[in-house]
Amino acid sequence: MTLSVKSDALESGASQSRSARSLALKLLWRDWRSGELNILIAALMVAVTTVTSIGLFSDRIRNSIQDEAGSLLAADAQIRSRSAIPISAELRQQAESAGLATADIVTFQAMSFGNNDALQLSAVKAVSPEYPLKGELVIADQPFGEGRSVQTGPPPGEAWIISRLFLSLGVDIGDTIGVGDANLRVTAALITEPDEAGSFFDFNPRVMINTADVEQTGAVQLGSRARYRLLLGGDVEPFKAQVEDGLRPEYRWADVRDANEGVTSALDRAESFLLLAGSLGVMLAGVALALASRRYASRQLSHVALLKTLGLTPNAIARLYAGNLLILGVITVFAGLVVGWVLHWAFLELASGLLPRELEPAGWRPLWIGLLTGLVCLMAFAFPPVWVLRQVPPAKVLRSELEGGTLSQRVVVAIGAVAVVGLVWFYSGDVLLTAALLGGGLIALAGVSLMAAVLIRVVRRYGSRLGTTWRLGLSNLQRHSRQNAFQIMVFSIALMLLFILTLLRSSLIGEWQQQLPEGAPNNFAFNIFEDEIDGFQGILDANDVQREPLYPMIRGRLTEVNDEALTDRLDRLQPSGDDFRRELNLTWSDTLADDNAVVEGDWWEPGDAERNLISVEQEFAEQLEVGLGDALTFTIGGQQVNVTVKSIRSVQWDSLAPNFYVIFSGPILDGAGAAYITSFYLDADQKPLLAELLRQHPTVSVIEVDAIIRQIQDIVGQVTVAVEFILGLVLVAGFIVLLASVQATLDVRLVESAILRTLGARAALVRGGLWIEFASLGALAGLLGALGAELALAYFQTEMLNLSWTPHPLLWVTGPVLGGVVIGVIGVVSTRRVIKVPPMVVLRSV
Amino acid sequence: MIETRKLKQEVTSGEGALVILKGIDMAIYAGESVAIVGVSGSGKSTLLGMLAGLDRPSSGEVFLAGTEITALDEEQRALLRGKQVGFVFQNFQLLPSLTALENVMLPLEVKGAKEPQVRAAQWLERVGLAGRATHYPLQLSGGEQQRVAVARAFASEAPILFADEPTGNLDSRTGEKVADLLFSLNRESGTTLVLVTHDPKLAARCDRQLEMEDGTLREVALA
């Protein structure tokens, strides 16, 4: 008998699942229409939207910045030869068969000959017709004339020379000059090369020719100091992975990261910030989702029990609710992807005035990440409470106090924490950041819940002397103290995250803009000899030009560190960055520049000038493993100079003021042979002053760096826009958490207020009580949020973003006030029903 | 139709074990209407839950329509309930998001019956609520809600009907009307009715009365 029922049951199970599906859809549709699912949908949507639009946005900005930074290399990457060895044909072959575009550059020094026996040692750059692979080459038809951009370098037989060389050679457009042994016709004035940043300290004026004419110049012979570069364009990463390890020691791989340290460090920081903001946004949305799902599930408990009495099996219940959630989730996730795309697009449209140009398109990755985030959030936050509905005891229809089918808060928090940690790790690929977030999160959870309970008690004790309404509001607070402690925890963490982001944003943006203020130097002048200093400074000062101090500069090679030959040391340490075997620019100074800071040791004391001491730059010291007190030997002008390290400095390379790896405590070789260097700012109207300066001081070299400054400013602009945008999204996520959290305890509050009303309490009393309850909750949460934010900011600023710590006194005032007002308003608005609707209706409907 | 053997239920609370059902042996036959009476907290609702397979006893056996439901798992019990059992509850237990008609359709849809809408509409008509088909529970009075619940219980065409204080939440006049409806439909359909109540008038309308007292059950001799 029992057996036959079982097989019968199986058959019936199959037909049950078919018809249950239409029932499920009907229930889903009704729940959706009644607004029961609004918060759940909104939270999931915000998670997906935030991640997707952050992804799209930062992808596009990263692509654009890479593209721009690529133009600083005139390529996506370069392979540079350290010595005068041409890049092997084999390597070029490999690059081309990997689908990359290639171009060649050869640089060397050669004498240029002009009219009337004028001659000038010049820095010749020979380029192949494909140059530049990226960026703009700008030439003019007149020296100092209006520039236009061109796609290729000079054709064979022609030379393009920079404007001031026209003056020193006494030539005009159309004249022929000699470059070494070759005779070439000057057809244009060279205004900017995309990759000129790399040639900052080429002292001699630039002559650009075609690679076909190199041989004819006779300047490049065995042993001559020519440098070769192979430019690569396209997706260089796979090729890099393929060849980098096997690269001959004379070759060095240079890519976008090396092109401009200032830009990349700003970019890295922006990425950390966006990542952090995105993760926090998802965390907030996850909490909202969990709260909303928990509330949804708890409101389904009695329905599930009823459906079970009607014969729906636990499996069918699980299928029904899980299926509904899946349908809802997938629709919402896709909607979130679309909204994320539209939002980022709309924002770019709005911000188009702020952005320098059309951004590069994004890849598919942000959409995949958005999809994955949505599904993980759905599974980890929304699913668990709904999945356990299958365990609701059917006898609950008879005795509503029966428990079962709900998850404990601990399990919920554990699942959520695993998901958040997994997601952050997935986004960042950074174990440290993930651990910091996890550790910070756990400390915040424990600390906040403890303090919330204490605060509630304190407030209750002293606040109830304020009158009936206060007593009512505060006794509510105390009565649900466990629940309220949880709610304060959620509120305060939401508020804390918002405070952190808002403040981090201001300090980041402030710092970026400070790096390149209006009037940052846009011209470098060097080769200023001692007897020219007064005249040169005089012209600048007479025209009110802002300028940096003049630094003496002399070239020298580092040859030994602590009696070890530099070559041996470099081979042993294999530093990844600069090759310090080249000639270094050395200076001496008695004052520390504003953009330098001593990080180890001390700056000069009186009398140090005679002691042969040096101060070295941090990265230089790290790569060569040089520490305080180490003995270094330089070869300068054929003489050996022995010095001792007294301090290590950090240098802000992107300040565009002259900066040096090595600063001596006193004049090197008594100042003999030094030329001076400075930088200054000319606005557009003052540009003609350059021609005047060069006419009067023809041996001085001037380089204009407007293009680089513009690039950095563009990037700062883009990143700022991105940060503002992301912050807006995270604010929305935070708001939804607050809403979900208030909603989570709404039923209890509605019932209590309705009972009070039936007992004859005036609407004003009930409303006042609710105001006080929610506002105090919010204020307490705001206070804790401020505390948490202050601690977290101290950590992030000093440890992760390399900024200095500053306290935020205003936060301690705005935190509680903002928390009180926002939570108060949300709470009272959400419970307005209790005052408007007759109490009986409230009691019946809940 | 329904039989129990040594049915026991114990719950352990902070103060030790509490015995709610002390080994109950009983039998209810097909077509009978039986009232289970007793004071509040005597274990009536617990017994009803056991008989209907909503809950599992600590020990003992329950047979429902010839199947030992105490030997089935929750999955199989649910399927059995869907086929054999209908319910009417004190607090109606209508789904607020469904209309009156849709609430009546529920058991039919759960069973996968054909044309659930047509059959549900017929049942609504029989309880006199044809005009209220598209109303939601909150728009109906208590009496109307319970009539919808009665229609839902009979719509499943299950041979056994359990009713837990069906008039408990209604005023006496409305309660009486609902009871009339319940008994007349029961007679017409020939179902077995098991009813828990502490209302003697309602109990008196049943063929048999069983009284729960202190965890034991005894037959009340009818005059």
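**Sheets, helices and a chain contact in a predicted model**

In chain B, strand S3 (residues 33-37) and strand S9 (residues 208-213) run parallel to each other and are paired over four bridges. For chain B the pLDDT averages 88, and 99% of the residues score at least 70. The model as a whole has an ipTM of 0.90 and a pTM of 0.70.

The pair S3 and S9 belongs to an open sheet of six strands in chain B, arranged in the order S6-S7-S8-S3-S9-S10, with mixed pairing. At its edges stand strand S6 (85-88) and strand S10 (216-220) of chain B, each of which pairs on one side only. From one strand to the next, the twist averages 20°. Helix H5(B) packs on this sheet, where H5(B) touches S6 and strand S7 (160-164) of chain B, and the direction of H5(B) makes about 175° with that of S6(B).

Helix H5 (residues 142-155) of chain B also meets helix H6 (residues 172-189) of chain B: their axes come within 10 Å and cross at roughly 15°. An angle under 35 degrees counts as roughly parallel, and H5(B) and H6(B) are therefore roughly parallel to each other. The crossing of H5(B) past H6(B) is right-handed. Among the residues that make the contact are B:Gln146, B:Val150 and B:Phe154 of H5(B), and B:Val178, B:Leu181 and B:Leu185 of H6(B).

Chain B contains another open sheet, in which four strands follow the order S2-S1-S4-S5 with antiparallel pairing. Strand S2 (16-28) and strand S5 (67-68) of chain B each have a single partner strand, so one side of each is left without a neighbour in the sheet. S5(B) is joined to strand S4 (residues 59-64) of chain B by two bridges, and the two strands run antiparallel. Within this pairing, B:Phe63 has B:Glu68 of S5(B) as its bridge partner.

Finally, the two chains may be considered together. In chain A, 36 residues are in contact with 33 residues of chain B. Helix H1 (2-33), helix H8 (261-309) and helix H9 (314-350) of chain A each supply at least two residues of the side that touches chain B. H1(A) gives the most to that side, with 17 residues. The residues on the side of chain A that touches chain B divide into 15 nonpolar, 14 polar and seven charged.

Notes
Residues are numbered from 1 along each chain as its sequence is written. Chains are lettered from A and ligands numbered from 1 in the order in which they are written. This is a predicted model: local features need pLDDT of at least 70, side-chain atom pairs count only at pLDDT 80 or more; totals for chains, interfaces and linings use all residues. Axes are lines fitted to C-alpha atoms, for helices over the stretch in contact, and angles run from 0 to 180 degrees between N-to-C directions. Angles under 35 degrees count as roughly parallel, over 145 as roughly antiparallel, 65 to 115 as roughly perpendicular and the rest as oblique. A crossing is left-handed if the near helix is turned anticlockwise from the far one by less than a right angle, and right-handed if clockwise. Two residues are in contact if their C-beta atoms, placed from the backbone, lie within 7 Å. Ala, Val, Leu, Ile, Met, Phe, Trp, Tyr, Cys and Pro count as nonpolar, Asp, Glu, Lys and Arg as charged, and the others, Gly among them, as polar. pLDDT is the predictor's confidence in each residue, from 0 to 100. Two strands pair if DSSP finds at least two bridges between them.
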